[in-house]
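I opened the notebook to log what I looked up, entry by entry.

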Amino acid sequence: MNAPAINMHRQDLPHSALEVLPPAEGLAREMALLSSVSSGERRAGFLIWRCSRSLVVPQRLTRRPQYAMAAGRMILDGWPVQVRSTGGDLTPQSPGLINVALAFRSRRHKSAIRDSYMTLCRPLIEHLACQGIEAHCSSVDGAFCDGDYNLVVEGRKLAGTAQRWRQLEPTVSEQGNEFAVLSHAVLLCDERLDWLWQAGNSFYHHCGLTPFIKADRHVSLAQLLPNRKALLTSTIEQLEARLTQYVKTL
Amino acid sequence: MSNVPSELKYVASHEWIRDEGEGVVTIGITDHAQELLGDVVFIELPEVGVEIAAGDETGVVESVKAASDVYAPLSGKVIAVNEDLEEAPELVNSDPYGDGWFFQIKLSDAEELDDLLDADTYSEQCEAE
């Protein structure tokens, strides 16, 4: 089946990437994008969205005995907690951050997870290069949701990534060994970052975990491009244009 | 090369199946799958008593690198889940075919066993990927 690659939010939903979504709605749209690939509705697609202020956590943290209390405390502080299903670790969200989700097909070969992260990171690195920013993938000790596929600039984390795999439906892949992959990035664009790390560390503390997020291990696009006007809007528009072309190649 | 025990059966989505007799099978994910995922940190399993059909999503495995759905390779009723994985998800990495098992089902259609892959065929699939 040769399903088309589609920019989901433009053609499927009455959604502007500049609109700020509650975390549950944004995450649900990401999973709908993944489902649209696993069902064969499309071969690849992307979604760009902004999220209201919140903490998004993986399911494993909900097993902590202090989780309910910690989530309650964070709500009182203005940081509602939302559970996500793409693994990783706690990620603070705020409207000055840009979420980029890319869904596509892959087989589960030895380097499939790495390759799937690079499928997402490649166009982001190319976009940054066009702005004169040299980024690469690496872990950053002390960064939020650390992993080998952070987008890093001069040793500081600019974006975090996560990934979810789902088998293609039998009608789409008769062999049963093809998967749909959702690769997701959150880009620190134009936000007061210290609030994010304070909230994240507070949650860890309330959960009985050692707070580890260090502010100086992060950098935002606004800090890298201090004189750029309308940075958030222009970044979203440029990423939309780039990814619209990119998904046609997947 | 990943370990693929010859006495087990497999499905293309990288779950293994051990026939325990009397219509009961034990299910987990393969060595190849755990190697790919890396350090497993959380596993969501089906509830005991739930009826599942072959191909159904029955849970999620979260690792430090990614999360992945877990599928029912066969149809039946879930009769046991590995509760040790709640406290020790790393068992999936250290012993995927032993202490890292996921759940057991009582089969509703034993003929589905005939559709499973043997070790050689599964190994060939992994190598081809």
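Which residues in H4(A) meet which residues in H7(A)? I noted first that I am working on a predicted model. On the H4(A) side I listed Thr119(A), Arg122(A), Pro123(A), Leu124(A), Glu126(A), His127(A) and Cys130(A). On the H7(A) side I listed Thr235(A), Gln238(A), Leu239(A), Arg242(A), Leu243(A) and Tyr246(A). I then sorted the contact of H4(A) with H7(A) by class: six nonpolar, four polar and three charged residues.

**Entry: helix geometry, chain A**

I looked up the angle and the axis distance, since two packed helices are described by these. Helix H4 of chain A spans residues 112-130, and helix H7 of chain A spans residues 231-246. They pack at an angle of about 130 degrees, and their axes are 11 Å apart. That angle makes H4(A) oblique to H7(A). I recorded the crossing of H4(A) and H7(A) as right-handed.

**Entry: a salt bridge**

Side chains of opposite charge can pair when their charged atoms come close. I went looking for such a pair and found Glu126(A) with Arg242(A). Their side chains meet in a salt bridge at 3.6 Å, N to O. Where do the partners sit? Glu126(A) is in helix H4 of chain A, and Arg242(A) is in helix H7 of chain A. They are 116 residues apart, so I filed the pair as a link between distant parts of the chain, using the 4 Å cut-off for a salt bridge. Over all chains, I logged a count of twelve salt bridges.

**Entry: the sheet in chain A**

I traced an open sheet of three strands in chain A, in the order S5-S4-S6. Its pairing is mixed. The edges are strand S5 (81-84) and strand S6 (91-93) of chain A, each of which pairs on one side only. From one strand to the next, the twist averages 30 degrees.

I checked one pairing in detail. Strand S4 of chain A (residues 54-58) runs parallel to S5(A), with four bridges joining them. I found Gln82(A) in S5(A) as the bridge partner of Val56(A).

Which helices lie across these strands? Helix H3 of chain A (residues 67-76) lies across S4 and S5 of chain A and runs at about 130 degrees to S5(A). Helix H5 of chain A (residues 193-206) lies across S4, S5 and S6 of chain A, and runs at about 50 degrees to S4(A).

**Entry: the sheet in chain B**

I moved to chain B and found an open sheet of six strands, ordered S1-S2-S3-S9-S8-S5, with antiparallel pairing. I marked S1 and strand S5 (51-52) of chain B as the edge strands.

Strand S1 (residues 9-10) and strand S2 (residues 15-21) of chain B pair over two bridges. Tyr10(B) stands opposite Trp16(B) in S2(B). S1(B) and S2(B) form a hairpin with four residues between them. In that turn, His14(B) has a positive phi of about 75 degrees.

Next I took S2(B) with strand S3 of chain B (residues 24-29), an antiparallel pair joined by six bridges. Ile29(B) in S3(B) is the bridge partner of Glu15(B). This hairpin has two residues between its strands, and Glu22(B) in the turn has a positive phi of about 55 degrees.

S5(B) pairs with strand S8 of chain B (residues 76-81) in the antiparallel sense, over two bridges. There I logged Gly76(B) in S8(B) as the bridge partner of Ile52(B).

Note on methods:
Residues numbered from 1 in each chain as written. Chains lettered and ligands numbered in written order. Predicted model: local features only at pLDDT ≥ 70, side-chain atom pairs only at ≥ 80, totals over all residues. Heavy atoms only, no water. Axes fitted to C-alpha atoms, helices over the stretch in contact; angles between N-to-C directions. Parallel < 35°, antiparallel > 145°, perpendicular 65-115°, else oblique. Left-handed = near helix turned anticlockwise from the far one by under 90°. Contact = heavy atoms within 4.5 Å. Nonpolar A, V, L, I, M, F, W, Y, C, P; charged D, E, K, R; others polar. Pairing = 2+ DSSP bridges.
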